[in-house]
Amino acid sequence: FSATWDAMEDSPGGGEGTTAVFFASAFDEVLSFGPMWTIDEWSSQFEAFDLIMSILEKRGVRLVLRLHPNLASNSRKYFLREVEEILELQKRHPSLITHWHNSPVNSYQLVSEADYVIVERSTIGLEASLMGKPVWATQATQWDQVADIRQLLKPSDVTEEALELWKPSTLGAERFVTYWMIQEHPLRYQ
């Protein structure tokens, strides 16, 4: 995936200034982890994103939301519920730049332009950590205890202090990816 990082020219993130990019997860991505990974207290990923956006918006941070490309691959009921939540999020944050599931925007370009990367549990958070970006995850991930990221698992975790930028080390993410590759098969939790 890194081969495309230098070839990116247009800015889908919206221009200059501090930018926070939120990457939504798809339902099937969440289900694949199983119930033992559900340790957060959020009603949805958008509840978490909304609270984080409210703090960052007050700081003048540009807000960008990238919806998962598999959004439309889920049930109609799930799709419509997600769209409804996204539209509500856009109402609460009118300056929010939204890249829908069918947008051709390059997610790695969004990461490269981001000062903040916020994920539910998407693997793009691990990839952003490999790129040296500060990452916040709102659900447990396979890599959150290894990579240098921050967890925001409940509303009380979302504070001004918790959203301070830092210079992350890529070493933990590199170790996790090395372990993952040495396994020669996907990690599975049952």
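Predicted model: local features only at pLDDT ≥ 70, side-chain atom pairs only at ≥ 80, totals over all residues.

Modeller: A residue is called buried here if its relative accessible area is under 20%, and exposed if that area is over 50%.

Strand β4 comprises residues 116-119 and is covered on both faces. Tyr 116 and Ile 118 are buried on one side, while Val 117 and Val 119 are buried on the other. Strand β1 (residues 19-23) runs parallel to β4 and is joined to it by 4 bridges; within this pairing, Val 21 stands opposite Val 117. Strand β5 also pairs with β4 in the parallel sense, over 3 bridges. Here Ile 118 has Trp 136 of β5 as its bridge partner.

The structure holds 5 aromatic pairs. In one of them, the ring centres of Trp 136 and Trp 166 are 5.0 Å apart and the planes meet at 85°, so the arrangement is edge-to-face, the planes being over the 60 degrees required for that class. This pair links distant parts of the chain: Trp 136 belongs to β5 (residues 135-137), whereas Trp 166 lies 30 residues away in the loop between β6 (150-151) and α6 (171-183). Trp 166 is also buried, with a relative accessible area of 16%. Over the face of Trp 166 lies Arg 150, at 3.7 Å from the ring centre.

The loop between β5 and β6 contains Thr 138, which is buried with a relative accessible area of 1%. Beyond its neighbours within four places in sequence, Thr 138 is in contact with residues including Ile 118 and Val 119, both of which belong to the buried set of β4. Other contacts of Thr 138 include Asp 40, Trp 42, Leu 152 and Leu 153, and Phe 49 is also among them. Phe 49 is in turn linked by ring pairs with Phe 22 and Phe 46 into a cluster.

The loop that holds Trp 166 lies between β6 and α6. In helix α6, Gly 172, Ala 173 and Phe 176 are buried. Viewed down the helix axis, the buried residues fall within an arc of 100°, so they line one face of α6. They pack against α5 (124-130), whereas Arg 175, Met 181 and Ile 182 are exposed on the other side of α6.

Key:
Residues numbered from 1 in each chain as written. Heavy atoms only, no water. Phe/Tyr/Trp six-rings, centres within 6.5 Å; stacked < 30°, edge-to-face > 60°. Helix = DSSP H or I, 4+ residues; strand = E, 2+ residues; numbered from the N terminus. Buried < 20%, exposed > 50% of the residue type's maximum accessible area, 1.4 Å probe, protein only. Lys NZ or Arg CZ within 6 Å of the ring centre and 35° of its normal. Contact = heavy atoms within 4.5 Å. Arc of directions from axis to C-beta. Pairing = 2+ DSSP bridges.
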